[in-house]
Amino acid sequence: MKQTGDLNLVKKINKSIVLHHIRTDSPISRARIAEIAGLTKATVSSLVNELMESRLVDEIGVGESSGGRKPMMLLFNGTAGYAIGVDLGVHDILAVLTDLTGKVVREKRVLHDNNSAEEVIDQLKTIIRELISSAPESVYGIIGIGIGVPGICDEDGNLLFAPNLGWENVSLLEQMEETFNIPVVIDNEANAGAVGEKQFGAGKDTANLVYISIGIGIGAGIIIKGELYRGATGFAGEIGHISIQHDGPKCRCGSLGCWELYASEHALLEQARREFGGAVTLDMLLGRAEAGEAAAIALFERLGYYLGVGVVNIINGYNPEFIILGGRLAGAEKWLMKPLLQLLEKRSLSHLRKLPKVEFSQLSDRSTVLGAASFAVAKFFASTTVSVERS
Ligand SMILES: [Zn+2]
């Protein structure tokens with residue numbers, strides 16, 4: 001009957017609202033939830049009972065009273081299950097096991113040489129298996145896997161195009177779900193990074209932010225009014241392929257003079273090879289700059305300048321409050337920031353009342369893995385509290 005269906009739906013939505021407040025504000029009392037959610041105390045009590053039966057919520061004893069009987073405080077049970085977050089990089093795989101609050105319990109990193117997509121996916125499965133087998137006992141076990149990938153995906157979790165991996169049309173979600181038989185979420189690594197920063201990093205209190213992932217390529221995750229902006233077909237944020245020189249060198253994407261050809265870690269290492277000869281790594285360059293070698297410092301300053309050129313375009317395009325730069329280049333912050341900020345001062349539109357904050361990520365290289373794990377957690381809660389009725 002329709003009416004019953006509607007009532008059930010309302011109940012499920014209310015339950016998910018109650019759980020949301022316990023997850024974000026605990027320890028919290030039933031009365032306080034009723035007050036902020038605009039629900040009756042009886043409704044909240046009955047929904048809390050169900051959540052306690054589902055082992056997602058615990059009572060942790062009495063809290064302060066505002067008059068009358070002291071209330072029992074509720075706590076979200078973050079260890080009722082575990083999620084896996086993966087950052088599938090161009091040369092390595094970083095994977096973490098987190099609890100339901102995003103706390104990292106285990107971390108693993110392996111290098112890969114990208115001989116073929118099959119080989120890398122096999123390595124990916126091995127590292128996930130290891131994390132699954134190391135997970136502590138819990139009510140729900142491993143609730144899902146989130147994977148951030150350096151490319152464009154469709155809604156079905158197919159990796160359509162990853163130029164820096166050289167992969168096209170890889171059915172990653174399907175392959176992973178077939179192997180592990182648990183829900184999998186695939187998204188662009190910069191989108192995952194932006195969500196990681198919004199939930200766990202410097203972007204917590206910011207509604208409009210752009211996270212720029214600087215690695216072999218450059219990508220961006222754009223958060224507008226607290227929500228990830230994906231664009232009409234999910235491609236938003238391919239900002240490394242904004243052309244900053246209309247007749248510049250050819251990019252792997254097919255265009256000319258793309259930003260990432262000038263401002264990525266890859267561009268830095270290419271330039272260093274041309275100047276110094278031989279094999280050059282980022283750690284090597286950081287060491288030389290740290291030792292005061294002028295030529296190495298000049299390379300980072302030049303990169304800072306080119307980063308600024310693209311960041312100005314982002315500021316003028318999106319007017320964000322905060323730009324967070326992620327990736328391993330954070331180690332070069334002291335040489336990159338000055339030329340970058342000087343360029344912003346000179347070139348941003350003069351009618352902007354004030355420039356956004358621009359900072360390197362404080363989460364080091366974990367923005368993407370944390371965001372990816374949080375996608376898996378969000379999917380789990382969407383299914384437990386809204387679609388699945390537990391008795
Ligand atoms: Zn390009």
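**Domains.** I began with the domain assignment of this predicted model, which divides the protein into domain 1 (2-76), domain 2 (81-193 + 368-387) and domain 3 (202-362). I noted that domain 2 is written as two segments, 81-193 and 368-387. I then looked up how far apart domain 1 and domain 3 lie, and found 44 Å between their C-alpha centres.

**Cores.** Next I asked which residues have the most contacts inside the largest nonpolar core. That core has 42 residues, and the ones I listed for contacts are Ile212, Trp259, Leu285, Phe300 and Ile323. Helix H10 (residues 294-318) gives the most to this core, contributing 12 residues. I also recorded a second, separate core of 31 residues, which includes Leu88, Ala95, Ile142 and Ile147.

**Trp259.** I went back to Trp259 and, leaving out residues up to four places away in sequence, wrote down what Trp259 touches: Ile212, Ile218, Ile239, Gly240, Ile242, Ile244, Tyr306, Leu307, Gly310, Val311 and Ile314. Ile212, one of these partners, is also on my list of residues with the most contacts inside the largest core.

**H8 against H10.** Finally I examined helix H8 (residues 265-276), whose axis comes within 11 Å of that of H10, the two crossing at roughly 145 degrees. The crossing of this pair is right-handed. On the H8 side I found Leu268, Gln271, Ala272, Glu275 and Phe276, and these meet Ala295, Ala296, Leu299, Phe300, Arg302 and Leu303 in H10. Sorted by class, the contact between H8 and H10 has 8 nonpolar, 1 polar and 2 charged residues.

Key. Residues numbered from 1 in each chain as written. Predicted model: local features only at pLDDT ≥ 70, side-chain atom pairs only at ≥ 80, totals over all residues. Heavy atoms only, no water. Core = buried A, V, L, I, M, F, W, Y, C linked by side-chain atoms within 4.5 Å. Buried < 20%, exposed > 50% of the residue type's maximum accessible area, 1.4 Å probe, protein only. Helix = DSSP H or I, 4+ residues; strand = E, 2+ residues; numbered from the N terminus. Contact = heavy atoms within 4.5 Å. Domains from an automatic or database assignment. Axes fitted to C-alpha atoms, helices over the stretch in contact; angles between N-to-C directions. Left-handed = near helix turned anticlockwise from the far one by under 90°. Nonpolar A, V, L, I, M, F, W, Y, C, P; charged D, E, K, R; others polar.
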